[in-house]
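Biologist: Can you walk me through this one? I'd like to go chain by chain.

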Amino acid sequence: MSNILVIDDSWFQRANLRAILEEAGHQIIEAENGRIGLLMAVKHEPDCVLLDVLMPEMDGITTLRKIREQKLAMPVIMVTADIQKSTEQECLTLGAQMVLHKPIDPDSDTLQKAIGLALEG
Amino acid sequence: MQLPAKDREKLQKMLRIGAEQAASTLNAMLRSPVELSMPEISLLRRHELTKLDIEEGEQTSSIVSLGFKSNLSGTALLVLPQESATRLVEILVGGRSINTAEKVIHIAAITEVGNILLSGLLGAVANELHRNLVYTSTPTYVEDRLLHLLQRDLADPEALLVLAHAQMQTPGLQIQGTAVLLFHEVLF
């Protein structure tokens with residue numbers, strides 16, 4: 001079981017991710033934008049962060065950059081609707097472990113596999 | 001007024017690629033086949049918007065919009081007639097009906113569907129053109145008539161607009177929607 005921080009401005013998306021991850025036995029904490037998510041990442045030091053890209057107040061790319069600037073080493077998986085190759089490349093360059101594209105199928109093990117791989121390092 | 005044939009073909013191809021991505025994503029979300037119409041391209045001024053033939057039903061539509069800029073600048077919109085939006089939300093929340101007190105669920109679900117479909121549509125276009133699109137805001141949800149929304153948001157009545165739209169429908173689920181791309185300027 002891992003502690004996972006989900007940062008996404010969509011309440012609907014957070015609820016979907018929570019349902020999938022709790023069923024897999026993970027503990028979830030949530031943040032509705034990058035600014036709050038960054039504070040929670042520092043405070044709780046989760047095992048893994050799931051991070052959206054397009055968000056108000058602080059977007060996911062800025063959040064990822066700040067997480068790495070603060071020397072937080074936990075794996076970050078981007079979970080985004082943005083399928084642009086340029087966005088994916090920027091996220092990976094900034095230190096994201098991988099980029100998953102929405103929608104996440106609740107009946108597939110894509111998300112659990114991604115988290116497993118990220119936690120293995 | 002007509003777009004040059006070469007530009008019209010380019011725009012049609014672009015929207016086709018984007019709309020196919022959106023339709024494929026909707027198919028994955030609903031696990032039901034999605035039919036896509038041939039994209040239509042219009043070049044018009046604000047007062048000519050009434051010529052647009054976009055299916056909306058009798059009531060206001062659920063509309064999600066996402067602004068973008070780059071060499072391509074404009075707004076992408078997902079227009080769902082109310083019955084289709086309601087049906088879509090019911091499917092996404094596992095088949096239960098959503099009452100008016102749960103409007104927040106309806107708005108959150110449709111906004112996220114709009115985010116996923118429009119980001120997919122625009123991302124596919126950007127990848128095809130080897131461009132990087134920047135989204136100017138997070139997706140916005142409104143309930144309105146598309147024509148009214150466009151007329152309200154387009155301040156300059158003489159500005160020339162390029163508007164592309166394609167219809168999606170899932171015959172098995174009675175859901176239909178329209179993806180609209182409104183270009184404020186087009187520089188290929």
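Modeller: What follows is a short tour of the two chains and their contact. Keep in mind that this is a predicted model.

Biologist: Good. How many helices and strands are in chain A?

Modeller: Chain A has 5 helices and 5 strands. Along the sequence they run β-α-β-α-β-α-β-α-β-α. The radius of gyration is 13 Å, close to the 14 Å that the globule rule gives for 121 residues, so chain A is as compact as a globular protein of that length.

Biologist: What box do the C-alpha atoms of chain A fill?

Modeller: Roughly 30 × 30 × 30 Å, along the principal axes. As for burial, 45% of the 121 residues count as buried.

Biologist: In what order do the strands of the chain A sheet sit?

Modeller: The order is S2-S1-S3-S4-S5, in an open sheet with parallel pairing. S2 (27–31) and S5 are the edge strands of chain A, and each pairs on one side only. On average, neighbouring strands are turned by 20 degrees against each other, direction ignored.

Biologist: Zoom in on one pair. How many bridges join S4(A) and S5(A)?

Modeller: They pair over 4 bridges, in the parallel sense. In S5(A), A:Leu100 is the residue opposite A:Val79.

Biologist: And which strands does H5(A) touch?

Modeller: H5(A) packs on the sheet and touches S3 (48–51), S4 and S5 of chain A. Its direction makes about 170 degrees with that of S5(A).

Biologist: Why would residues three or four places apart point the same way?

Modeller: An α-helix has 3.6 residues a turn, so residues with that spacing point the same way.

Biologist: Where does A:Lys71 sit?

Modeller: A:Lys71 is in the loop between H3 (60–69) and S4 (76–80) of chain A. Its phi is positive, about 65 degrees, although it is not a glycine.

Biologist: Is A:Lys71 buried or exposed?

Modeller: Exposed, because A:Lys71 has 6 C-beta neighbours inside 10 Å, and the cut-off for exposed is 12 or fewer.

Biologist: Which peptide bond is cis?

Modeller: The one from A:Lys102 to A:Pro103, with omega near 5 degrees. A:Pro103 lies in the loop between S5 (98–101) and H5 (110–120) of chain A.

Biologist: Over to chain B. How many helices and strands there?

Modeller: Chain B has 4 helices and 8 strands. The pattern reads α-β-β-β-β-α-α-β-β-α-β-β along the sequence. The radius of gyration is 16 Å, close to the 16 Å that the globule rule gives for 188 residues, so chain B is as compact as a globular protein of that length.

Biologist: What about the box and the burial in chain B?

Modeller: The C-alpha atoms of chain B fill roughly 50 × 30 × 30 Å along the principal axes. Of its 188 residues, 39% count as buried.

Biologist: What is phi of B:His130?

Modeller: Near 55 degrees, a positive value in a residue other than glycine. B:His130 is in the loop between H3 (103–129) and S5 (134–135) of chain B. With 8 C-beta neighbours inside 10 Å, B:His130 counts as exposed.

Biologist: Last topic. Which residues touch the most other members of the largest nonpolar core?

Modeller: That core has 81 residues, and those touching the most other members include A:Leu50, A:Met78, B:Leu117 and B:Leu121. H3(B) gives the most to this core, 11 residues. Leaving out residues up to four places away in sequence, A:Met78 touches several residues, among them A:Leu51, A:Cys91 and A:Val99.

Technical notes: Residues numbered from 1 in each chain as written. Chains lettered and ligands numbered in written order. Predicted model: local features only at pLDDT ≥ 70, side-chain atom pairs only at ≥ 80, totals over all residues. Helix = DSSP H or I, 4+ residues; strand = E, 2+ residues; numbered from the N terminus. Rg over C-alpha atoms; globule rule 2.2 N^0.38 Å. Buried ≥ 20, exposed ≤ 12 C-beta atoms within 10 Å, placed from the backbone. Pairing = 2+ DSSP bridges. Axes fitted to C-alpha atoms, helices over the stretch in contact; angles between N-to-C directions. Contact = placed C-beta atoms within 7 Å. Core = buried A, V, L, I, M, F, W, Y, C linked by C-beta atoms within 7 Å.
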